[in-house]
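Student: I'm new to this one. Can you walk me through how it packs together?

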Amino acid sequence: MITRLLVANRGEIARRVFRTCRSLGVSTVAVFSDADSGAPHAREADLAVRLPGVHPAETYLAVDRIIEACRACGADAVHPGYGFLSENAAFARAVLAAGLTWVGPPPEAIEAMGSKIAAKRLMAEAGVPVLPSLDLAAPGEFPLLVKASAGGGGRGMRIVRHAGELAAEVESARREAEAAFGDGAVFAEPLLEAARHVEVQVLADAHGTVWALGERECSVQRRHQKVVEECPSPGISERTRELLCAAAVRAARRIGYVGAGTVEFLVKGERVAFLEMNTRLQVEHPVTELVFGVDLVRLQLEVAEGAALPSGPPAPRGHAIEARLYAEDASYVPQTGVLRRFEVPGDVRVDSGVESGSQVSPHYDAMLAKIVAYGGTRAEAARKLAASLRGARLHGLTTNRDLLLDVVTSPAFLAGETDTAFLAPDGPLAARRGGPASASASADGDPEGGLPALAAALAMAAAHRRDAPVLAGLPSGWRNVRSQPARARFEEADVVYDPLPAGVTVISAWPEEVVLERDGLRRTFQVARYDGDERVYVDSPMGAAVLTPVPRLPEPVEHVAPGSLLAPMPGSVLRVEVAAGDTVARGQPVLVLEAMKMEHRIAAPAGGVVSDVRVEKGQQVEAGAVLAIIQEETT
């Protein structure tokens, strides 16, 4: 019996496992890096062990230190979570060799699926449908998909549409795979376009029982990483569902699988093709838990203790949709800094690794939380999820909240018309929005006709009155003889708040809340400001706006030269592809940054001549650093 469990992971999944452990009376142990010393998962465990002496990005990969932590705290079991060491057979063997219970599949099963190249051969032998592998030197057909043999999460994946791109994309995929998984092996297969990404949750015990707990639709993706998932899939036939579940069970039996895992497929019409098997719990497991009424972590622990599963899984009921909330901008560039406020309302499940005040570092994945809605119908679940996202108060960092809202309220999504190109530049969502997705740190496109900016101005005026050292009862900016209207200037808007706009009445105005009425319709705005952050955050039932006041007497600022390329995030310079004096075309790669184990290409915004290169390979840069300067062509 497990009495004390160490979770060899961080953030959201560590907290998720701890929650089940508390319900079972199992003592919990967290491990943490120096960067995570104040993280919620390190505080919530019964015991926490610092893993010193390694870079924060490598802390949760330090097998020897994790085993030492188990001995130091008296843990008798290890749960790997997902990512990091969760699919590392050597780690599983080290845990077992230390006499501990491994809450995961046998090391041999992890190894069997650890190489996607070998896994495809095994699956074909088991009668699971697979796509053919292509020769990287002479593939013979395009478009194709280059994939890392190890790992997942979209890392080491590249779409190649033309032969001329192949060599560079293969090399880029190899570098990214090596950085993320320690294995640069890649392979290629035909790109099955306009297909659905559908996966089956399996759970097996050591007594020969294998469950298929239905399927999850994971087609809404950016950069080959999932953004919105749901259970069940809205777009497959019952025949395809049966085929998928049967293939997943065959896959699990073929490798002697024990524990929770996921078998992933591409589905186009009635055609099904095996993608990979993840030998761990998936990020999106909550949608399966809600639909099937199970706790997959509890079942993992019971199976690890030797318990037998019932002969069949429970029947599914209802529908669940999960949205992954990321700290990232509209170009999917990760954001770092302080998350000033994190509040998610509504009848939803929130699995998060952060809280108000959390520091989001560049060392780890940018996912803040998973917001999951359940309903008796798909429409009900989508409506609940949209309401929760709309009402969330997310301050301090740019997030993908608006993108998620656009997805779950779009006609194509609500009709179940999703495939892996849903978020493509020419996909249904881009067509609806008229261009790239915008992030949630803007007042542009304000559906309330300028009222959020007016609320911000009134709240700031109320704060000035509250904080005034003398005559606090006088209106802010009061004069005996008014020479001009009272106004507030923001980078996003210029607002006159005295006199008020026609048809607008102020019901109340406080530093944290403003109630306005326009044409008989009353709206309440929550307003927030934070020390060290000049921005004003305005939230209402209609959505959120972030405004940046323009200072009356601006401080001198350091100006960058025209044509400067700035680092969009902290990272390491992986490669410089130009030199001073080179002529570049618009969109041509100038250099490549590595951040969060992924490559980010910095391209020339316009054609011109490189006048200066400020960085070199291996150099660490901060966000906003000048990387290179391009003198644009003149016509």
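Student: At what angle do helix 1 and helix 10 pack?

Tutor: This is a predicted model, where local features need pLDDT of at least 70, side-chain atom pairs count only at pLDDT 80 or more, and totals for chains, interfaces and linings use all residues. Residues are numbered from 1 along each chain as its sequence is written, and side-chain values use heavy atoms, leaving out hydrogens and water. The axes of helix 1 and helix 10 (lines fitted to C-alpha atoms, for helices over the stretch in contact) lie 9 Å apart, and the angle between them (on a scale from 0 to 180 degrees between N-to-C directions) is about 65°.

Student: So is helix 1 roughly parallel or roughly perpendicular to helix 10?

Tutor: Angles under 35 degrees count as roughly parallel, over 145 as roughly antiparallel, 65 to 115 as roughly perpendicular and the rest as oblique. Because of its angle, helix 1 is roughly perpendicular to helix 10.

Student: Which residues of helix 10 make the contact?

Tutor: Contact means heavy atoms within 4.5 Å. Helix 1 brings R16, V17, T20, C21 and L24. Facing them from helix 10 are L296, V297, R298 and L301.

Student: And L134, is that residue buried or exposed?

Tutor: L134 sits in the loop between helix 6 (116-125) and strand 6 (144-148). Leaving aside residues up to four places away in sequence, L134 touches P139, E141, L144, A188, E189 and P190. Buried means under 20% relative accessible area, exposed over 50%, partly exposed in between (1.4 Å probe, protein chains only). L134 has 14%, so L134 is buried.

Note on methods: Helices (H or I, at least four residues) and strands (E, at least two) are DSSP runs, numbered from the N terminus.
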